[in-house]
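Subject: Structure for your review

Dear colleague,

Please find below the structure that I am handing over to you.

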Amino acid sequence: MKLLSAAHLDRCIGCHSCSLACARLVHKQFSWNTAGIRIKSAGGLSRGFEASICLGCDPAACASACPTDALSQRSGGGIKFKRDLCLQCGKCAKACPVEAIYLDSEHNPYVCVHCGRCISFCPHNCLELREVPDREPDRADDTSAHSTDSLSLPTSSADTEPPHAH
Amino acid sequence: MRINPDVSRVLHVDMTTGKAQILDFDSRARHMGGSGLAAALYEAYGTPSAPWDDPTEPIIFAIGPLTGLFPVMTKVVCGFRSPHTGQWTESHAGGRLGLSLRFAGYDALMITGRASALSALEVGSRSMQVHNVHYLRGRGVFGTGRELRRIGRHMSGHRSTMRIGPAGENGLSFACINVDSFRHFGRLGSGAVMGSKNLKGVVVTGDGAFELPGGDSKALNKLYKDSFMEVTSTSKMKKYHDLGTPENLEPLNELRALPWRNLQATSDPAISTVTGKYLAEEYLLRKAACAGCPVGCIHIANLRQQFGEDHEYLYKQVSYDYELIFAQGTMLGLSDPQDILPVLDETESCGLDSMTTGVALAWATEALAKGIISEEETLVPLQFGEVDGYLKALRLLTNAPNEFWHTLGRGGANAAAKKYGGEDFACVLGGQEMAGYATGEAYYVSHALGFRHSHLDSGGYSYDQSDKPKDAQKASDFLVSDERDRVIINSMVGCMFARKEYSLERMQECLHVAGFTALSDTLAQAGTDMQHLRWKLKFDTGFVPEEQTIPKRFMEVTNWKGQADPVYLQDLRNTYTNAIRTMAGAQGALE
Ligand code: SF4
Ligand code: SF4
Ligand code: SF4
């Protein structure tokens with residue numbers, strides 16, 4: 001099971017090539033928003049960059065929140081998305097604790113599917129696909145213990161890295 | 001959203017009424033985008049006989065058809081009437097502005113009118129709002145940026161913040177517009193034009209998305225990938241992302257073509273602490289890129305300063321490049337980055353064009369030493385190599401407490417030299433203070449008579465460095481054709497650093513796969529037409545090539561070729577004057 005990781009985002013120069021690639025290749029769009037990965041500045045260019053990407057939860061709060069089966073749990077973490085089942089209700093984006101889901105103006109969700117196609121467009125090798133060992137799903141009550149509506153975690157590289165990254 | 005391949009979509013904001021209008025501006029096949037689009041809009045909406053600060057005069061921010069669609073297509077052209085020269089001109093900047101405008105859905109943002117209170121403009125794909133920001137009056141560029149970022153915070157990273165400092169509010173003719181902290185519409189005073197509209201800042205939010213244009217996503221993706229590989233894996237762009245443009249400091253010093261101390265010298269052993277390598281090894285904190293550019297040429301230095309005993313330190317991030325180090329380093333006799341970086345930082349905060357400021361202060365320093373002016377005028381001692389005076393001078397220039405500083409800030413070294421004397425050593429070539437190349441005749445003529453009075457109009461400085469014979473016709477032809485090539489790439493709008501990757505044929509191919517088929521066919525002719533239109537607008541707004549001066553100092557300079565040849569220089573000047581007069585009078589073939 002592989003997941004996209006912004007493991008070296010501290011090298012990021014803010015070129016948005018990754019987002020443009022995901023929009024172009026995965027979503028057939030010309031955009032820097034409607035993509036699985038989005039680059040934010042941490043408050044003006046002088047403070048460096050952060051990436052919004054899916055962390056590959058299991059269980060995935062976004063999938064639980066989805067009232068249809070548009071978003072469903074992917075074994076090993078993250079989700080699968082079926083656009084034709086999507087009601088554009090936006091509940092998934094609200095449920096994601098790390099704001100990894102982008103809603104466009106029609107409330108279509110955009111989330112990383114961990115395909116890795118953005119990686120070769122990063123000039124500074126910030127991104128990689130990481131093998132994550134098979135594991136038991138986290139206990140659902142561990143995640144539901146937090147009110148995910150109000151929780152908005154920072155998504156800097158340090159926070160998106162698995163602990164063994166350092 | 002969908003891109004219309006035939007017309008440009010322009011958001012026209014009238015600051016007087018606070019209302020906006022969307023224009024479908026005809027036709028891309030003629031005006032292309034960027035530089036051409038700005039000129040065509042001025043042709044349609046400007047009044048050449050009005051003064052630069054007439055409220056009806058537009059300031060235009062234009063991107064092009066390829067913006068964001070291909071790598072390094074990142075720049076924005078700002079078209080405006082220059083307070084420094086009075087004439088129609090352009091300045092270019094990157095940062096996130098290009099992609100923000102693109103994904104806000106506009107090919108250009110055109111602003112006219114004058115707000116009744118100090119204002120900030122916010123635009124996005126579904127928003128336009130004028131905010132009263134009276135509380136930002138007199139605020140520096142950095143503080144203003146922090147406040148403006150409150151607008152559209154949810155789109156952090158996908159928006160761009162332009163703002164002016166006190167210099168722009170006070171109408172200095174070389175006030176700049178700061179873009180996203182580290183980039184600028186630097187030259188010729190666009191900041192004062194924003195100030196004249198009571199416009200402190202503009203926040204552009206790129207919150208829209210397009211379907212892939214052109215209908216052949218495979219071809220588009222392939223061409224993108226090829227271009228991406230070329231700019232990231234070939235050596236051609238290396239110099240821009242490695243040491244950056246400061247790489248040129250050492251070789252130009254060696255060639256005796258690097259201006260020092262108001263161009264009294266062209267080489268100095270003190271170079272050792274201002275080489276690109278030294279700056280990178282000792283001061284470089286990190287690099288950044290304009291959005292859409294995988295190269296990342298923005299070099300940011302870490303300036304650590306002690307402000308108190310007991311090891312009290314602060315740190316600042318200061319961007320640097322060749323031109324800044326020349327203008328506010330070597331030109332002022334400063335060769336320690338610990339001196340230069342604070343000057344750059346203060347210049348940024350005031351919202352001044354670093355290059356013009358440095359050259360103007362260099363003139364003032366020499367004028368003071370020669371007794372042409374006294375400390376009664378300058379109020380502080382100015383001496384080459386002494387940083388304290390320069391740091392104080394930046395505030396004096398910005399706030400103009402006396403007639404001397406007022407004059408220097410409105411017209412630069414030329415205006416002050418006309419009043420006080422010392423015209424021979426005012427390092428102004430034609431309409432604007434020099435750039436950092438004392439290379440010879442082609443550069444002097446192209447800067448003095450060039451459309452933007454800049455080293456970027458054409459490669460005159462590299463022409464001087466090649467072993468070309470002194471043939472005025474050949475040199476003039478080179479300036480004309482090189483300018484046309486640059487007009488085209490500046491209409492797409494690509495970064496000049498990638499001009500070798502984007503040949504005419506490559507740009508046509510890009511336009512073709514992205515669905516701009518009509519423009520792809522007319523591109524070469526459109527380039528010529530827009531080159532001619534730009535010259536026509538420059539003449540219509542008061543340009544007289546015969547009046548442009550090349551001061552004596554330039555003729556005294558000795559570089560690796562010796563001194564400039566006055567006969568060849570005059571010959572080239574006459575030939576090039578004829579060429580630009582012909583272009584200005586030519587009828588466009590695509591009208
Ligand atoms: S989108 Fe958010 S909630 Fe869903 S799996 Fe990814 S990180 Fe978890
Ligand atoms: S891994 Fe695939 S889906 Fe995720 S951001 Fe990259 S290109 Fe998009
Ligand atoms: S491609 Fe790499 S360097 Fe560029 S924005 Fe994405 S993560 Fe940052």
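Conventions

Residues are numbered from 1 along each chain as its sequence is written, and chains are lettered from A and ligands numbered from 1 in the order in which they are written. This is a predicted model, in which local features need pLDDT of at least 70, side-chain atom pairs count only at pLDDT 80 or more, and totals for chains, interfaces and linings use all residues, while side-chain values use heavy atoms, with hydrogens and water left out.

Confidence

The predictor assigns the complex an ipTM of 0.95 and a pTM of 0.94.

Chain A contains 5 helices and 9 strands; helices (H or I, at least four residues) and strands (E, at least two) are DSSP runs, numbered from the N terminus. The order of these elements in chain A, from the N terminus on, is β-α-β-β-β-α-β-β-α-β-β-β-α-α. Of the 166 residues in chain A, 51% are buried, where buried means under 20% relative accessible area, exposed over 50% and partly exposed in between (1.4 Å probe, protein chains only). Chain A exposes about 7,700 Å², and carbon and sulfur atoms supply 52% of this area; accessible areas come from the Shrake-Rupley method with a 1.4 Å probe, and for residues only the protein chains shown count as cover.

Chain B has 24 helices and 18 strands, and 64% of its 591 residues are buried. Among contacts in chain B (heavy atoms within 4.5 Å) between residues at least 6 apart in sequence, 68% join residues at least 24 apart.

Selected parts of chain B

Helix 18 (residues 441-449) of chain B is largely enclosed by the rest of the structure, because 9 of its 9 residues are buried. Among them are B:Glu441 and B:His447.

In helix 21 (residues 504-513) of chain B, the buried residues are B:Arg506, B:Met507, B:Cys510, B:Leu511 and B:Val513. Their cover includes helix 7 (217-233), helix 20 (472-489) and helix 22 (517-540) of chain B. Just after helix 21, B:Gly515 adopts a positive phi of about 90 degrees.

B:Gly351 sits in the loop between helix 12 (337-350) and helix 13 (354-369) of chain B and is buried, with a relative accessible area of 0%. Not counting residues up to four places away in sequence, B:Gly351 touches B:Val141, B:Gly165, B:Ala167, B:Ala175 and B:Cys176.

Ligands

A residue counts as near a ligand if one of its heavy atoms lies within 4 Å of it. Ala, Val, Leu, Ile, Met, Phe, Trp, Tyr, Cys and Pro count as nonpolar, Asp, Glu, Lys and Arg as charged, and the others, Gly among them, as polar.

- Ligand 2: the surrounding residues include A:Cys22, A:Cys112, A:Cys115 and A:Cys118; the shell has 8 nonpolar, 3 polar and 1 charged residues.
- Ligand 3: of the 13 residues around it, A:Cys12, A:Cys15, A:His16, A:Cys18 and A:Cys122 come nearest; the shell divides into 10 nonpolar, 3 polar and no charged.

Yours sincerely
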